[in-house]
Amino acid sequence: MADEYSILFLGVAGFAVFFVALAKAGFGGMIASLAMPLVAAFSDITTAISVLLPAYIVMDIILAWIYRKKVPYALLWPMAASGIVGVFIAALVFRSIVATYLAIFLGIMSFVIGVKFFLVRARQKAEVETTLDPSVRNWPRLIGLNGATGFTSFFLMGEAPIQMFLLPFRLAPQVYVALLIWFFFLVNIVKVPIAFAIGLVTIDSLWVSAMLLPIMPLGMFIGKRINQRIPKEPFYIVIHILLVILGIYLVSSTIAQMSAA
């Protein structure tokens, strides 16, 4: 095993896999974005991607099967196509992007989305916003936000743009989660040959990923139970609280890392 995979790193990566499994199964990902910068803090972004991406692929395959009957495929396909284009663009500029600035951008976006929800809710004291019709295609919005998600997810599993796209639809919790799971399932599959081609995933990193897989089922079980039991309104309140937490964490931790450098 490579020297960079210390016991501390493996412990943090194991927690991250459990955390992401719970977040994906329960909330479609949500604060799973915390996992990548957390693991990167104990190594670097390249090592974090190399270890977590294969684990995410296995997780996505299992959860995609579990949620397959809840997916509105007519909405999924254009979302996924846009995300895949974003992945290819990210691969082309991977060596030129400074992930720390991207993390700050995603953190600010997450925080603004979450805070806006509660401000509007407090002002209206009713439903948060007018619910958008998911059958109506606003193509610039669909392509832009989902393409941005594919791009940012290549570096940090960033979910803020897709949250901005999906939240106004006010979908049922299981449909909302199913869309996120299938979107990232399709997008992450595309990343695999790219990751091998540019040397992100190696034989050593695959062994480490395999070691982390036994932690996954417990997280998925707990997350699925949460999703089945939480009503729609509390579900969206929790989602936006998690967005605020994610935003604060990404911005504060990234600035701390930049200051320490």
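User: How many Å should the 29 residues of α11 span, and how far apart are its end C-alpha atoms?

Analyst: This is a predicted model. At 1.5 Å a residue, α11 should span 42 Å. Its end C-alpha atoms are 42 Å apart, so the two agree.

User: Which residues of α11 are buried?

Analyst: Among them are Phe235, Tyr236, Ile239, His240, Leu242, Leu243, Val244 and Leu246. Gly247, Leu250, Ser253 and Thr254 are buried too.

User: Why does Leu246 count as buried?

Analyst: Leu246 has 2% relative accessibility. The cut-off for buried is under 20%, so Leu246 counts as buried.

User: How far is the C-alpha atom of Leu246 from that of Gly107?

Analyst: They are separated by 6.5 Å. Along the chain, Leu246 and Gly107 are 139 residues apart.

User: Switching to the core. How many residues does the largest nonpolar core have?

Analyst: It has 81 residues. Met59, Phe154, Leu166 and Tyr176 have the most contacts inside it. Helix α8, residues 173–197, gives the most to this core, with 15 residues.

User: What is Phe154 in contact with, leaving aside neighbours within four places in sequence?

Analyst: Its contacts include Ile49, Val87, Ala90, Ala91 and Phe94. Lys191, Ile194, Ile198 and Leu200 are also in contact with Phe154.

User: Now the surface. Which residues form a nonpolar patch there?

Analyst: Val58, Ile62, Trp65 and Ile66 do. Together they have about 370 Å² of accessible area.

User: Where is Ile62 found, and is Ile62 buried or partly exposed?

Analyst: Ile62 is in helix α3, residues 45–66. Its relative accessibility is 34%, so Ile62 counts as partly exposed.

Methods:
Residues are numbered from 1 along each chain as its sequence is written. This is a predicted model: local features need pLDDT of at least 70, side-chain atom pairs count only at pLDDT 80 or more; totals for chains, interfaces and linings use all residues. Side-chain values use heavy atoms; hydrogens and water are left out. Patches are made of residues with over 30% relative accessible area and no salt bridge: like charges are joined within 9 Å, nonpolar side chains (Val, Leu, Ile, Met, Phe, Trp, Tyr) within 5 Å. Accessible areas come from the Shrake-Rupley method with a 1.4 Å probe; for residues, only the protein chains shown count as cover. A salt bridge is a side-chain nitrogen of Lys or Arg within 4 Å of a carboxyl oxygen of Asp or Glu. Helices (H or I, at least four residues) and strands (E, at least two) are DSSP runs, numbered from the N terminus. Buried means under 20% relative accessible area, exposed over 50%, partly exposed in between (1.4 Å probe, protein chains only). The expected span of a helix is 1.5 Å times one less than its number of residues. A nonpolar core is a set of buried Ala, Val, Leu, Ile, Met, Phe, Trp, Tyr and Cys residues joined through side-chain atoms within 4.5 Å. Contact means heavy atoms within 4.5 Å.
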